[in-house]
Amino acid sequence: EDMSHGWLIPAACLFFIGSRRKELREAQGAPSWAGAAWVAVGLAVFWFGDNGEQYRVCQLSFALLLWAVPYALWGGRVARLMVFPAAFFLFTIPFAFLDFFTIRLRMLAAGVATALLNGVGLTVTRVGTALHSTVGSGFSLDVAEPCSGLRSLFAMTALTTAYAFYTQKTWAGKWLLFFCAVPIAVIGNICRIASICVAAWLFGQEAATGYYHDYSGYVVFLVGVLLMMQAGAWIERLPL
């Protein structure tokens, strides 16, 4: 479920290629033996991944082949234009090792949300990843593993990458906005947790952890998109 956005990545890659079809047509040159060698490498990577049942390795080989096959058929200029869609395909690969950060993201989100809520006058006490309050009817919420923000981190990074590629004029600006994806996703998740607490205070814990909780992911998306666009506007003003 953390990679549910992955189904959109191949379609986005096709869009990137289609939007640059004129440049790709003009860049076509002679076939390249260097490209053919990279195709052989990609096929070898796939063979090892398939035989070892390491399907992430197979996905990695597909991304490599997405770049290497055009390189082999039409030369280096086409290969340079294919770097971004091939690299963007890597967002389909689940990076399971990042689960290591789940508890840290939960603790961070719970801590900052608690400080934010106390700062606006809603008294909340944090115990680990749990948030407790006796204000009004009171509530007791836990920032569980699915609410760590890892899911929104993956999706927001992919979205920010695409947005940066099309809106930033320099490579420095593109990379800077790309690295902004992590804090943007974290801030969005903190806002979601804080909003669930406010909903629990106003409408009761059952309402907050039921209907509102299920649809509060849109809060993360809305906050994330607004922050991404604002960060992009700020970066465009920098002398990069």
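Colleague: Which residues does Gln-168 touch, not counting residues up to four places away in sequence?

Modeller: This is a predicted model. Gln-168 lies in the loop between α8 and α9. Its partners, not counting residues up to four places away in sequence, are Gly-173, Lys-174, Leu-177, Gly-232, Ile-235 and Glu-236.

Colleague: Is Gln-168 buried or exposed?

Modeller: Buried means under 20% relative accessible area. Gln-168 has 5% relative accessibility. Gln-168 therefore counts as buried.

Colleague: Where is confidence highest in the protein chain, and where is it lowest?

Modeller: The chain has a mean pLDDT of 88, and 97% of its residues reach 70 or more. Helix α3, residues 33-51, has the highest confidence, at 95. The lowest is a mean of 81, and it belongs to α11.

Colleague: Which element supplies the largest share of the largest nonpolar core?

Modeller: This core has 19 residues. Leu-117, Val-124, Leu-131, Phe-139, Leu-141, Ile-193 and Cys-197 touch the most other members. At least two residues come from each of α7 (102-119), β3 (139-142) and α10 (181-203). The largest share, seven residues, is from α10.

Colleague: How many residues are in the second, separate core?

Modeller: In soluble globular proteins, nonpolar side chains tend to be buried together. Here the second core is separate, and its members include Leu-153, Ala-164, Leu-177 and Ala-231. Its residue count is 14.

Colleague: Is Leu-131 buried or exposed?

Modeller: Leu-131 lies in strand β2, residues 130-133. Leaving aside neighbours within four places in sequence, its contacts include Ala-110, Val-124, Phe-139, Ile-193 and Cys-197. Its relative accessible area is 1%, so Leu-131 is buried.

Colleague: What distance separates the C-alpha atoms of Leu-131 and Thr-114?

Modeller: Thr-114 is one of the contacts of Leu-131. Thr-114 also touches Val-124. Along the chain, Leu-131 and Thr-114 are 17 residues apart. Their C-alpha atoms are separated by 7.3 Å.

Colleague: How far apart in space are Leu-116 and Cys-191, C-alpha to C-alpha?

Modeller: Leu-116 is found in helix α7. With a relative accessible area of 42%, Leu-116 is partly exposed. Leu-116 and Cys-191 are 75 residues apart in sequence. In space, C-alpha to C-alpha, the distance is 9.2 Å.

Colleague: Which element gives the largest share of the lining of the largest pocket?

Modeller: The pocket holds about 840 Å³ of space. Its lining has 28 residues, and Arg-151, Ser-152, Ala-155, Gly-217 and Phe-221 are the closest to its centre. At least two lining residues come from each of α1 (8-19), α8 (150-167), α10, α11 (205-215) and α12 (217-237). The largest share is eight residues, from α8.

Colleague: How many residues of the lining of the largest pocket are charged?

Modeller: The lining divides by residue class. There are 17 nonpolar residues and seven polar ones. The charged residues number four.

Colleague: Which elements give two or more residues to the lining of the largest cavity?

Modeller: The whole structure has one cavity of 30 Å³ or more. The largest cavity has about 70 Å³ of space. Its lining includes Leu-105, Ser-148, Ser-152 and Asn-189. The elements that give two or more residues are α7, α8 and α10.

Colleague: How many residues of the lining of the largest cavity are polar?

Modeller: This lining has no charged residues. Six of its residues are nonpolar. The polar ones number four.

Colleague: Which residues is His-5 in contact with, leaving aside its neighbours within four places in sequence?

Modeller: His-5 lies in the segment before α1. At 13% relative accessibility, His-5 counts as buried. Leaving aside neighbours within four places in sequence, its contacts are Phe-91, Phe-154, Ala-155 and Ala-158.

Colleague: What is the phi of Glu-53?

Modeller: Most residues other than glycine have a negative phi. Glu-53 sits in the loop between α3 and α4 (55-74). Glu-53 is exposed, with a relative accessible area of 57%. Although Glu-53 is not a glycine, its phi is positive, at about 55°.

Technical notes:
Residues numbered from 1 in each chain as written. Predicted model: local features only at pLDDT ≥ 70, side-chain atom pairs only at ≥ 80, totals over all residues. Heavy atoms only, no water. Core = buried A, V, L, I, M, F, W, Y, C linked by side-chain atoms within 4.5 Å. Buried < 20%, exposed > 50% of the residue type's maximum accessible area, 1.4 Å probe, protein only. Helix = DSSP H or I, 4+ residues; strand = E, 2+ residues; numbered from the N terminus. Contact = heavy atoms within 4.5 Å. 1 Å grid on protein atoms, 1.4 Å probe; cavity = no way out; pocket = protein on both sides within 12 Å on 5 of 7 lines; lining within 4 Å. Points joined across faces, edges and corners; volume = space filled by probe spheres on them. Nonpolar A, V, L, I, M, F, W, Y, C, P; charged D, E, K, R; others polar. pLDDT = per-residue confidence, 0-100.
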